[in-house]
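Visitor: I would like to learn how to read a few features of a model. Where do we begin?

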Amino acid sequence: MITIYKAKDYQDMSRKAANIISAQIIMKPNCVLGLATGSTPIGTYRQLVEWYKKGDLDFSKVTSVNLDEYKGLSGDNDQSYRYFMNTNLFDHVNIDKTKTFVPNGLEKDSEKACAEYNEIIQSVGGIDMQLLGIGGNGHIGFNEPGLAFEQKTHCVDLTESTIQANARFFESMDDVPKQAYTMGIKNIMSAKKILLVATGENKAEALYQSLYGKITPNVPASILQLHNDVTVVADEAALSLIIKKGEI
Ligand code: F6R
């Protein structure tokens, strides 16, 4: 079941998504949140921090597991997703950092890194609410089009365009990550609830195909149609095609 909430703009999307996450924390203080990086959730995290600072939210019993991490990057590298999470959320709220998990980018043995991460997700009791962004091609996590739906955490080769786009952040080409560890679709689909956030016109096609198109590995997020508790919070620009087609 998919419920769609239309937001006016990015700010409104961020506030609505933060409301849903804070309701989850209030209803189950020791919940396990699956978290995402990228530009879309930054406003959501900012709003959660604001409410925490006002005394309206308590993260002390929350556990978190992130979707993905670059292989080869340490948590203090400012391009790592661990660093992103610390600076955008964890450093500003009372979450116990030992209960915040991100795949171990420094583990060279991919099989070991992925098995350990699956083990962590299982040992915390599974994910209560998974926050997702969506790529312009319908990817979720680093699950790119064409990958099998059945996978758990795995190592992916980054596309040449992603590697090139990241190159500007690193001193030499050797330092640019070529692979990443990501939760698989199977981990994501096992979450009890899913909250997908999307903003901007460049997500409109992916969002339409994911929510109303054919369920196919070519549009990874289309699998969400088979999940029984998905909430989508998207701004008008991201929903524009869905609105145009008269679906909502
Ligand atoms: C982030 C992630 C990615 C992003 C997606 C959208 O952890 O796994 O799938 O959610 O690439 O990125 P933004 O929000 O930057 O458009």
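Guide: Begin with a cut-off. A polar contact is a pair of N or O atoms within 3.5 Å. Keep in mind that this is a predicted model.

Visitor: What does the side chain of asparagine 143 reach?

Guide: The side chain of asparagine 143 reaches the backbone oxygen of isoleucine 140 at 2.8 Å. A polar atom of that side chain also lies 3.0 Å from the backbone oxygen of methionine 183.

Visitor: Is asparagine 143 buried or exposed?

Guide: Buried means under 20% relative accessible area. Asparagine 143 has 1%, so it is buried. It sits in the loop between strand 6 (129–132) and strand 7. Its contacts include His154, Thr182, Ile188 and Pro220, not counting residues up to four places away in sequence.

Visitor: Now helices. Why do residues three or four places apart point the same way?

Guide: An α-helix has 3.6 residues a turn, so such residues point the same way. Take helix 4 (residues 110–123) as the case. Its buried residues are Ser110, Ala113, Cys114, Tyr117, Asn118 and Ile121. They cover an arc of only 130° around the axis, so they are on the same side of helix 4.

Visitor: Which exposed residues does the face turned away from the buried side of helix 4 carry?

Guide: That face carries Glu111, Gln122 and Ser123. The buried residues of helix 4 pack against strand 3 (63–66), strand 5 (100–101), strand 7 (154–157), strand 8 (179–182) and helix 6 (185–190).

Visitor: How should I read the length and ends of helix 4?

Guide: Compare its span with the expected one. Helix 4 has 14 residues and reaches 20 Å from its first C-alpha to its last, close to the 20 Å expected at 1.5 Å a residue. At its start, a side-chain oxygen of aspartate 109 comes to within 3.1 Å of the backbone nitrogen of glutamate 111. Just after the helix, glycine 125 takes a positive phi of about 95°.

Visitor: Which residues of helix 5 are buried?

Guide: In helix 5 (residues 160–167), they are Ile163, Asn166 and Ala167. They fall within an arc of 110° seen down the axis, so they line one face of the helix. Strand 4 (68–70) is included in what covers them.

Visitor: And a helix pair? At what angle do the axes of helix 2 and helix 3 cross?

Guide: The axes of helix 2 (residues 42–53) and helix 3 (residues 81–88) cross at roughly 40° and come within 10 Å. That angle makes helix 2 oblique to helix 3. Ile42, Tyr45 and Val49 of helix 2 make the contact with Phe84, Met85 and Asn88 of helix 3.

Conventions
Residues numbered from 1 in each chain as written. Predicted model: local features only at pLDDT ≥ 70, side-chain atom pairs only at ≥ 80, totals over all residues. Heavy atoms only, no water. Helix = DSSP H or I, 4+ residues; strand = E, 2+ residues; numbered from the N terminus. Expected span 1.5 Å × (residues − 1). Buried < 20%, exposed > 50% of the residue type's maximum accessible area, 1.4 Å probe, protein only. Arc of directions from axis to C-beta. Contact = heavy atoms within 4.5 Å. Polar contact = N/O pair within 3.5 Å; in protein donor to acceptor, adjacent residues only side chain to side chain. Axes fitted to C-alpha atoms, helices over the stretch in contact; angles between N-to-C directions. Parallel < 35°, antiparallel > 145°, perpendicular 65-115°, else oblique.
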